[in-house]
Amino acid sequence: MIKDNQTNLNRLHIVGDGILIACSYVLAWYIKFESPFSNVDPEVGYLSMGTYFSALYFLIPAYLILYSVSNLYTPQRATKMRYELYNIFRANIVGLIGFYVALFMVKQIDFSRTMIAYFAVINVILTALSRILLRRFLRYIRRKGYNLKHILLIGYSRSAEGYISRINNNPQWGYVVSGILDDMVPIGTSYHGVKVIGEIDMLSRFLADNGYDEITITLPLDRYDKLEELVAICEESGVHTKFIPDYTSLFPSNPYTEEILGLPVINIRYVPLTNGFNAAVKRVADIIGSILLIILFSPAMLLSAIAVKVSSPGPIIFKQERVGLHGKSFMMYKFRTMEVQSEKAEKKGWTTKDDPRVTKVGRFLRKHSIDEMPQFFNVLLGDMSLVGPRPERPQFVVKFKGEIPRYMVKHQVRPGITGWAQVNGYRGDTSIRKRIEYDIYYIENWTFEFDIRILFGTLFHGFVNKNAY
């Protein structure tokens, strides 16, 4: 039933898109040649209307194929609207370029390129509006109880709980989880309103007695020995079957997959900055940014150096060993904010509130993050980046890597002067576990735009540190 509904919906999409393509083309032709906005010289003349409209015989099928290749006719229940709009835009850009290339190949110089551009813009707008309206209509009828897809889960696991939570948070998808089959959890156990309704051995009976639209296998990681048998039973029933791996404790939320000569491979963690191009872009930005910041803040650094020297005896710059990229140590620079102390006293731990070791000038420098400015030179030298996880001292790295899961992941990128954790308030004497969560999120989701966002966040929220003592 649902399969038939999906087929009918796809047919509706295809017919509707074909009509919209034709309407967009006719409207573009009218705007270019017949509307009050037309700038065509009537004495020069142009190709006949019939010649222009004959192109639709090739244009409509070509665009429908482009839409299919761009996944616009695959089920969109759980796809975000912005991805569908992006695919519409991408398909039309490819179509526009293809149209121009085709005209060049047949040496048709009289066909208006401007009209084709009008068509592309109008077609993107009309197609996008049609998909938005269709989504709203489907959302409305799903709230009324129509066009729903009933799902049976096999296996109670973290992936099952995550799937149920996402379905409950997105009723517009039209998914209804009818129950869970599991051998290890008592029948009647409920998670967000979804109950365990039987054991896995009862699968064949449940499939025969109920009209499920989809089976989703969500077995725990330690029970994959049943997987092949369950897939065979589901396939025999003819019900569409999905498999959600229970790997949340091993992999990130967005594991990176690749294929090696037909063999699917899942990377335990995808780090965008391991890509050579991404790393080069970030490094160039760091070099340019650090030079500009050194010039911009040179007056503040000069005044700070004088204040440190006058306020207490000792060096102006404090150097401390930190652990950076790939676990390699480097010397990180700061303005000295404490009285000169022995190496043993220095390793005492983090600075705490009202710490007697901090000078009056040092307290001000720490509070406003001015003591970190010499790290611009660390960035220039390549030890650090403007944005990244904050580096830690070797003794704390040894301590935390045994206590905090995935702690060492932060060393897969260069440490930073500021980071996603710091912008969100995790600086100084705050939760290390929360800091690592934010650091790993940054590492897995890095983009150049994300770095810019963090730098602006630091500018407006990160300079004054309430946790700096």
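## Sheet and helix packing in a predicted model

Strands β5 (residues 214–217) and β6 run parallel and are joined by 4 bridges. Strands here are DSSP runs of E of at least two residues, helices are runs of H or I of at least four, and both are numbered from the N terminus. T216 has K242 of β6 as its bridge partner.

This is a predicted model, where local features need pLDDT of at least 70, side-chain atom pairs count only at pLDDT 80 or more, and totals for chains, interfaces and linings use all residues. Residues are numbered from 1 along each chain as its sequence is written, and side-chain values use heavy atoms, without hydrogens and water.

**The sheet.** The sheet is open and has 6 strands, in the order β3-β4-β2-β1-β5-β6, with mixed pairing. Two strands pair if DSSP finds at least two bridges between them. β3 (190–191) and β6 (240–243) are at the edges with a single partner strand each, so one side of each has no neighbour in the sheet. Helix α8 (residues 227–237) packs on the sheet and touches β1 (149–154), β5 and β6. Contact means heavy atoms within 4.5 Å. The direction of α8 makes about 175° with that of β5.

**Helix pairs.** Axes are lines fitted to C-alpha atoms, for helices over the stretch in contact, and angles run from 0 to 180 degrees between N-to-C directions.

| Pair | Angle | Axes |
|---|---|---|
| α4 (residues 81–105) and α5 (residues 113–143) | roughly 160° | within 10 Å |
| α3 (residues 56–69) and α5 | about 55° | 14 Å apart |

α4 and α5 are therefore roughly antiparallel. Angles over 145 degrees count as roughly antiparallel, under 35 as roughly parallel, 65 to 115 as roughly perpendicular, and the rest as oblique. The contact includes L85, I88 and F89 of α4 and A117, A120 and V124 of α5. Its residues divide into 15 nonpolar, 3 polar and 4 charged. Ala, Val, Leu, Ile, Met, Phe, Trp, Tyr, Cys and Pro count as nonpolar, Asp, Glu, Lys and Arg as charged, and the others, Gly among them, as polar.

α3 is oblique to α5. L59, Y63 and Y67 of α3 meet F119, N123 and T127 of α5. That contact has 4 nonpolar, 2 polar and no charged residues.

**Salt bridges.** The count comes to 12 salt bridges. Each is a side-chain nitrogen of Lys or Arg within 4 Å of a carboxyl oxygen of Asp or Glu. R131 forms one with E84, with the closest N and O atoms 2.6 Å apart. R131 lies in α5 and E84 in α4, so the pair ties together parts 47 residues apart in sequence.
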